[in-house]
Amino acid sequence: MAHTPLLWHNGRIKPWADAHVHVSAHALHYGSSVFEGERVYATPRGPAFFRLADHTRRLFESARIYDIDIGYSAAQINAACHELIRANRLESAYVRPIVLRGAGGLGVLAGATDPVEVAILALDWGAYLGEAVERGADVCVSSWQRPTPNTFPSWAKAGGNYLSSQLIGLEARRGGYDEGIALGSNGLLSEGAGENLFIARRGTLLTPPASAGILAGITRDSVITLAQELGIAVEERDLPREALYCADEVFMTGTAAEVTPVRSVDRKPIGDGTPGPLTRALQQAFFGLFDGRTPDRWGWLELVTRDAQEAA
């Protein structure tokens with residue numbers, strides 16, 4: 001993972017090394033940040049954001065849940081994302097907007113006048129789970145559960161929520177797995193440490209519902225749409241742990257993970273231990289959006305503007 005020379009911080013482009021946040025920042029002590037992960041893909045027409053408007057909408061929704069005033073409009077954040085890609089002359093990137101409560105008092109509740117900082121980073125970040133995007137990931141069901149719905153709001157993409165993900169991921173790595181899958185507080189399947197979960201069984205795609213303590217993923221939504229376009233039935237429903245072991249195929253989705261097959265769960269092979277036909281079809285449809293094989297019928301791709309005048 002390599003960062004770029006420039007980032008956007010509090011309204012302007014600046015060198016990466018010149019962006020500073022004080023150690024008394026509320027977000028550092030109490031996890032009061034919200035963020036997004038979005039990708040820019042190299043397409044035949046030039047670099048293009050994938051569903052930028054949807055990611056920015058979710059950023060503002062997450063901030064609303066925690067009463068964080070971003071201080072910029074959605075249009076300004078989108079324009080800043082474009083500006084950052086232009087400034088770094090990137091053809092593809094992983095982009096990370098983050099909004100955080102800055103330096104103020106040390107109380108649990110931030111003061112009304114405490115600052116809010118906004119930054120956007122761009123990284124050269126390949127497949128999140130490495131070679132697993134081709135060979136398939138080895139995953140485990142974690143002993144850590146997702147929080148109950150009335151504790152942490154899972155629909156908010158908040159920094160503090162990812163302490164749970166760290167525990168799930170650390171346990172998986174210590175056990176020699178690529179990733180971990182969490183159960184919800186009801187003992188049913190929820191999601192991976194940083195990915196949504198899909199199971200293929202008898203030609204139908206099954207996925208835990210948005211009420212299962214999951215982040216309602218934008219890539220997840222895209223895959224559901226692509227599956228329906230391909231004539232693949234999709235059911236959002238509660239699923240027990242054993243559905244993983246009885247699956248024909250399993251895969252995980254996310255902005256970082258994209259569409260990553262799972263080849264084993266708790267060292268039990270899924271199918272014949274290789275990515276299955278539905279997984280491969282959906283991978284091809286997803287990545288086909290960026291090389292022109294899959295028509296963008298939904299307006300998901302947004303070409304990076306060449307200059308500020310074009311953005312306006």
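In this predicted model, the charged end of Lys268 sits over the ring of Tyr245, 5.3 Å from the ring centre (a charge counts as over a ring if NZ of Lys or CZ of Arg is within 6 Å of the ring centre and within 35 degrees of the ring normal). As the model is predicted, local features need pLDDT of at least 70 and side-chain atom pairs count only at pLDDT 80 or more, while totals for chains, interfaces and linings use all residues. Residues are numbered from 1 along each chain as its sequence is written, and side-chain values use heavy atoms, with hydrogens and water left out.

Now for rings meeting rings. Searching the whole structure turns up 11 aromatic pairs (Phe, Tyr and Trp rings, the six-membered one for Trp, with centres within 6.5 Å; planes under 30 degrees apart are stacked, over 60 edge-to-face, the rest tilted). One of them joins Phe35 and Tyr162, a tilted pair at 5.2 Å centre to centre with 55 degrees between the planes. Phe35 belongs to strand β4 (residues 33–35) and Tyr162 to helix α5 (residues 162–174), so this contact ties together parts 127 residues apart in sequence (helices, H or I, at least four residues, and strands, E, at least two, are DSSP runs numbered from the N terminus). Phe35 is buried at 9% relative accessible area, whereas Tyr162 is partly exposed at 22% (buried is under 20%, exposed over 50%, partly exposed in between, with a 1.4 Å probe and protein chains only).

Phe50 and Phe286 pair up edge-to-face, with centres 5.6 Å apart and planes at 85 degrees. Here strand β6 (residues 46–50) supplies Phe50 and helix α8 (residues 277–291) supplies Phe286, so parts 236 residues apart in sequence are tied together.
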